[in-house]
Amino acid sequence: MAYELLLLEISDRIATVTINRPDKLNALNDAMMRELSAMIDELTANKDVGVIVLTGAGRAFVAGADISRLAVAEQGELEKFARFGQGVFRRIELSAKPVIAAVNGFALGGGCELALACHVRIASTQAKFGLPEVKLGLIPGYGGTQRLPRLVGRGPALQLILTGDPIDGTEAARIGLANAVVEPDALPGAARAMAAAILKNAPVAIARAIEAVDVGLDATLDDGLRLEARLFGSLDETFDMREGTKAFLEKRPPAFRGA
Ligand code: COA
């Protein structure tokens, strides 16, 4: 697919996807959502990519769903709108390759929800996270009411959802919404450093770990433990499990094959 709203750069097995509609603060329109969905599928299938970093061009990560589109939504259309966006973000969340959000600026509404669907969030001190939908007579519709309380707890999530007021990157890191906060200049390097740390590890194990956490979070503890044991057990078929344990005992770095 030819991408008009996303930039892609691949180096050292890290794919950096830059959302590039800066004149509208990277607001998510239908075309952008389709491109994001296709990009995730393409990168997940690309053998040269191990980790995906998602960031925004200019002042914003993403300033939300495109309000000009919402303003003309016909009656009965909003639910479809939410389901479509939720589906795209769920693909990101279920990607077998980790997706790191490098949140450079505004991450509001759908932008905050996009960051929430990523596996890890690194914020710049200039980032602004918020779910301002209630200010528009809406509620978050791309997963914010579900993922934010799961991530930071009910009280802090409801504060953000009910006031609609944003918090900065430092506060986001304090409440656990961001994994880390760094100065703006250090953001690309910090995201790449985390990607590089992940890339040292066995790819199949990384994929199974994502699955265990994602499915387990919505399961009872007993069901989650059964799932974990099953996925743990599934790794005994992999070359990498033999290689990783052998390399440790031989005091050498492992040479993983991703199989
Ligand atoms: N949808 C559509 N367009 C958006 C947008 C969105 N979510 N967010 C920003 N834009 C557009 C603005 O309309 C403006 O376009 P214009 O230059 O053609 O008028 C451009 O991006 C720049 O935004 P502007 O508001 O002028 O910048 P600012 O620095 O004054 O304010 C924000 C920045 C982020 C505080 C403000 O743009 C904002 O509140 N955006 C909406 C956030 C939101 O409610 N998101 C949830 C949507 S469900």
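Let me start with Phe81, which is found in helix H3. Keep in mind that this is a predicted model.

What does Phe81 touch, not counting residues up to four places away in sequence? The list is Asp30, Ala65, Arg69, Leu70 and Tyr142. Phe81 has a relative accessibility of 17%, and because the cut-off for buried is under 20%, Phe81 counts as buried.

Of those contacts, I want to follow Tyr142, since the rings are my topic today. The count of aromatic pairs comes to two. In one of these, the ring centres of Phe81 and Tyr142 are 5.6 Å apart and the planes meet at 20°, so this pair is stacked. The cut-off there is planes under 30 degrees apart.

Where do the two partners sit? Phe81 is in helix H3, residues 78-93, while Tyr142 is in the loop between strand S8, residues 128-130, and helix H5, residues 144-152. The pair therefore ties together parts that are 61 residues apart in sequence. Tyr142 has a relative accessibility of 4%, so Tyr142 counts as buried as well.

Now the other partner of Tyr142. Phe89 and Tyr142 form an aromatic pair with 5.3 Å centre to centre and 80° between the planes, and this pair is edge-to-face. Phe89 lies in helix H3 and Tyr142 in the loop between S8 and H5, so here the parts tied together are 53 residues apart in sequence. Buried or exposed, for Phe89 and Tyr142? Both are buried.

Putting the rings together, Phe81, Phe89 and Tyr142 are linked by ring pairs into a cluster. Tyr142 takes part in the stacked pair with Phe81 and in the edge-to-face pair with Phe89.

For a sense of distance, take Phe81 and Ala172. They are 91 residues apart in sequence, and their C-alpha atoms are 27 Å apart in space.

Next, a ring with a charge over it. Which residue lies over the face of Phe239? That residue is Arg257, at 3.7 Å from the ring centre.

Last, a residue in a strand. Thr18 lies in strand S2, which covers residues 14-19. Thr18 has a relative accessible area of 16% and is buried. Setting aside neighbours within four places in sequence, Thr18 is in contact with Leu5, Leu6 and Leu7, and also with Thr55, Gly56 and Ala57.

To recap the ring part: Phe81, Phe89 and Tyr142 form the cluster, and Arg257 lies over the face of Phe239.

Key:
Residues numbered from 1 in each chain as written. Predicted model: local features only at pLDDT ≥ 70, side-chain atom pairs only at ≥ 80, totals over all residues. Heavy atoms only, no water. Phe/Tyr/Trp six-rings, centres within 6.5 Å; stacked < 30°, edge-to-face > 60°. Helix = DSSP H or I, 4+ residues; strand = E, 2+ residues; numbered from the N terminus. Buried < 20%, exposed > 50% of the residue type's maximum accessible area, 1.4 Å probe, protein only. Lys NZ or Arg CZ within 6 Å of the ring centre and 35° of its normal. Contact = heavy atoms within 4.5 Å.
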